[in-house]
Amino acid sequence: MHFKVLGALEVEAVGSPLPLGGFNQRAVLGLLLLHANNTVAASRLIKGLWGDTPPATARKMLQNYVSRLRSLLAASAHGERAPVLLTSPPGYLLRVPAESVDLIRFERLVERGNAEAHSGGTEAAARTLREALALWRGHALADLVEFGIEWPELSAVQNLRFAAIEAYVDAELSLGRHQAVLDELERAVADALPPRERLCGQLMLALYRSGRQADALTVYRRLRETLADQLGLDPGRALQQLERQILDHDPSLMLPAATEGVGAAHPARVAAVPAAGTAVPARQDRGEPPAHPVHQPPPVPVVSPEADQPGTEPTVGPPAGRKEQAPTVSVRTERKRVSVLHIRTRIELPLGTDDPEDMAEVLSNLDGLIRSEVELLGGLVQNFWAVGSAWLALFGVPSTGEDDPELAVRAALAIRDRIATGPSPTRCGPPQIAAQIAIATGDALVTYRPTGGVGDGSPDVQGSMLNTNLRVIDEVPPGAIRVCDVTRQATADVFHYSPQGEPTPRDPAPPAHLSGLAPLVERDREMDILGNLLADTHRRRQPNLMTLLGEAGIGKTRLVAEWLATLRQGVPPARLLTGTSPGPGTEPMAPLRAIARSFAGITETDSRTVAERKLQVAVHGLPQTSGSTAWLLSHLRTLLGWSEPPMPTAIRHSFPAWRLFLEAVAVEQLTVVVLEDLHRADDLLLDFVEELANQTTGVPLSILATARPELLQRRPFWGGGMRNATVITLTPLSATGTWHVLESLALHHGICAGAQQPGPGPVPGPDRGREAAVSAQCRALLRRIGGNPLFATEYFRMHRGEIPAASAGSAPPVSQEYSANKLLELPQSVYNTIAAQLDTLPAVEKAVLQDAAVFGDVVWPRPVAALGNRDAQEVARRLEQLERRDLVDRVHSASVLGQNEYAFRSILIRDVAYSQLPRSVRLDKHHQAARWVEHRLPEHPHLLIHHYWQTISLSRDAGRPIEALTRHARTAFVIAAERTSMKGHQHAASRYYQAALELCPPNDPGRAQLLRRYRDVVHVS
């Protein structure tokens, strides 16, 4: 049986519609379906039918309607999961399978689409949201609305539809399909009453990208006139800025070059842009060489004669006689640090039972149990029924999470506990099941299959840790869990491990950066802004939304803690209510629930009776709630989780009650609501925060939220257009500020009694002992940590105060200085933090960043474009975007090559981006970079030597012959040495000759002449 709400009310049973009777009977069913699987009070049904003036026999008439509906449903029911209409005090409950109601299907698809968009799966998000919107057949309960029904539930459902349209359009616009969504956008803007600024902004952007600038400005003008006539308001700041950008033809509004021109294509025909590491056959317009066999060295690209001419690039073409192939998208492969969870179960069916269907039922139940626990925490499950009842769960695929090892251990504990409490019984009784679980964390090669093929969306993970973990699981006792050393070290602050390696959760501990070891530096400005905003809130008795934005570890939580410490001692006193947005697998309104429990004084150990009494006392003591106490209590009980988890529509219906609760709390005392990690919050919570800031008036309520920049990817106009909203971005510390943090940490660990601050020249003072060494080591850390206090703390924790030594002295041999792939050892938490940040980037931006990581510490658009076979102007735009994301810094404008020069803000960012590329991809790109530098930047010996030496080392590691490559590199070094020597760059020439000598065998006839040239250059220099 299928219930259709998103249009005229229909019920289908066995393919035929059911006769639903008159208007009132249909209205009762419609209202019950809007609250499916939740009790609807009889008073609410009566009000929904007759408003505020029901007839005297309303309750009896309602009972008749319910009785007829019950009979109708029972007569058409088939199967065990048939819908049933139950009497459930104080009203009625319609229990239906979730998949049989189009509204519930729609809500779940929207939630899935939003989650896919949040994790970077834009194509999948667009497809899922498109499927959700296809369920609509007009206005929800259109036949009842036609007769004047105006239930608030219908408004909530309609708003959810508009929110889904906005999310869908965001996804399509980011994929370059502005033409495909124009018609739907124009209809949605016309239907939205009151007007929705976000929809109007999307329509303006789509029109502008379609070459219809005048139409885009007309949309803005009409919206401005409507708002002025109806509300006396102007459009929000974000929309005003968009209008100015359209008038100025701002280049940032246009699509990247990689996706331009696809806007008119049908979504199904738009090819995805391959990310870094994607194998793409040769393209004639780019001149990309064919892939080389593994057993051969990479062929030397064909360089055009114009390569040495100013303003030209060395072009790379395929060997003569080889026919070009049409471009196709193949698999995408990258290296990732992954936590894997192997689960093996031993199943014993009741005695005398060997029916294969019984075993299939047990396996199906187990599969559902394991998947629900793993997916609840953001993991991905693959099973191995072909070789037995075993499963593999992956954390960190497709997107890295900062706490992947912790989530893997939590999933293991939850799975073991649920299996131990007893699985679902079969027809012949409960089976006996014991689980063996092993967890490992390490580097893996992850291959993503292209869309549309076999195994669509299923990643292939390979790595030695998987084989090791499978050997470990053989030794795990039934019912036990074992973790690898890497996982144990990464989760030591969260779990206690027995000598056998069994994890048990620890009590929550404060983060390392809140321990007081690292001082709060360079945050006086932000502290003053927060203080002034709070004083303004208290003086004007108006709410204020303050959002602190910043990357992970930049100091948001520390700043909030310091600021709140000043409030506790301030005048006037402020009431503090705090909630943190947890990770996956939690209720969407959990932060607000924590605030309500904190205000009422409810603890985790309180029984339901004690908690209920505390809640009633707290609510009855609130001002301005007389006459609405019962209503407020009912919604707060839902918020506290004392009833079945409500559907999103029911949660939205509770927004007014929760807003009234916070308003009443703030009436008598200045109140600060702190919401941390808002970027991880559910869309429902984000909607509530915006509504709270927009609709609350007349009370001194300050909302302080912390979030990472990912929040702006989900809500680009966050805070825009609000009357009292401020966004403060925390930037990385300066070199001086970072130095103070390092010095404080060094003093705490007792390894430095006062190091010198960074500056030009050698470390001052005659002492070349421990203090001077530590000063040099701290200098080496400055660029590595990139102004991030948490990274500095984690380095000291990992090395127990011993900072990795910095290189000093004369230039080392080339073989030592340019040895391949010796990346800096990173703390697990630092690696996961940076990798998670990189995984939020659009695919093209991430690929550009990885190409830049291959090229070097300092990059320019042209060489980066050459490595990825992209347009240089496109790469320049991408580097500007990466600068806005605080991943790279612009060092100089129009310097070398007449282009802007960029440097990685932190060497750690470069190392993590580089480490994600497979070695074969690194090899090819280093060889491309070497040929490019050879013909364009011979005055930069460190670049040319680095890339050739990396190419040789990687080829040797891959088992490829290197003789021809070594000869070519040696020749390139000699030619570059002669060029640079003639231009007077003797030091560069000496480095080239030194590199050539190291590649020249001792018995080579030309070695003596090469040695003489090297000595001559050294003598001159």
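**Helix packing in a predicted model**

The protein chain of this predicted model has 38 helices and 22 strands.

Q: How are α9 and α10 oriented, roughly parallel or roughly antiparallel?
A: Two packed helices are described by the angle between their axes and the distance between the axes. The axes of α9 (residues 197-209) and α10 (residues 213-230) come within 7 Å and cross at roughly 160°. Angles over 145 degrees count as roughly antiparallel. That makes the orientation of α9 to α10 roughly antiparallel.

Q: In the contact of α9 with α10, how many residues are nonpolar?
A: α9 passes α10 in a left-handed crossing. From α9, Glu197, Cys200, Leu203, Met204, Leu207 and Tyr208 meet Gln213, Asp215, Ala216, Val219, Tyr220, Leu223 and Leu227 of α10. By class, one residue is polar, two are charged, and the nonpolar count is 10.

Q: Is α35 largely enclosed or largely exposed?
A: α35 covers residues 941-957. Of its 17 residues, 13 are buried. Buried means under 20% relative accessible area. The rest of the structure therefore leaves α35 largely enclosed.

Q: What span does α35 reach from its first C-alpha to its last?
A: α35 has 17 residues, and at 1.5 Å a residue the expected span is 24 Å. The model comes close to that expected value. Gly959, with a positive phi near 80°, follows the helix. From first C-alpha to last, α35 reaches 24 Å.

Q: What share of contacts between residues at least 6 apart in sequence join residues at least 24 apart?
A: The protein chain has 1021 residues, and buried ones make up 50% of them. Among its contacts between residues at least 6 apart, the share joining residues at least 24 apart is 71%.

Notes. Residues numbered from 1 in each chain as written. Predicted model: local features only at pLDDT ≥ 70, side-chain atom pairs only at ≥ 80, totals over all residues. Heavy atoms only, no water. Axes fitted to C-alpha atoms, helices over the stretch in contact; angles between N-to-C directions. Helix = DSSP H or I, 4+ residues; strand = E, 2+ residues; numbered from the N terminus. Parallel < 35°, antiparallel > 145°, perpendicular 65-115°, else oblique. Left-handed = near helix turned anticlockwise from the far one by under 90°. Contact = heavy atoms within 4.5 Å. Nonpolar A, V, L, I, M, F, W, Y, C, P; charged D, E, K, R; others polar. Expected span 1.5 Å × (residues − 1). Buried < 20%, exposed > 50% of the residue type's maximum accessible area, 1.4 Å probe, protein only.
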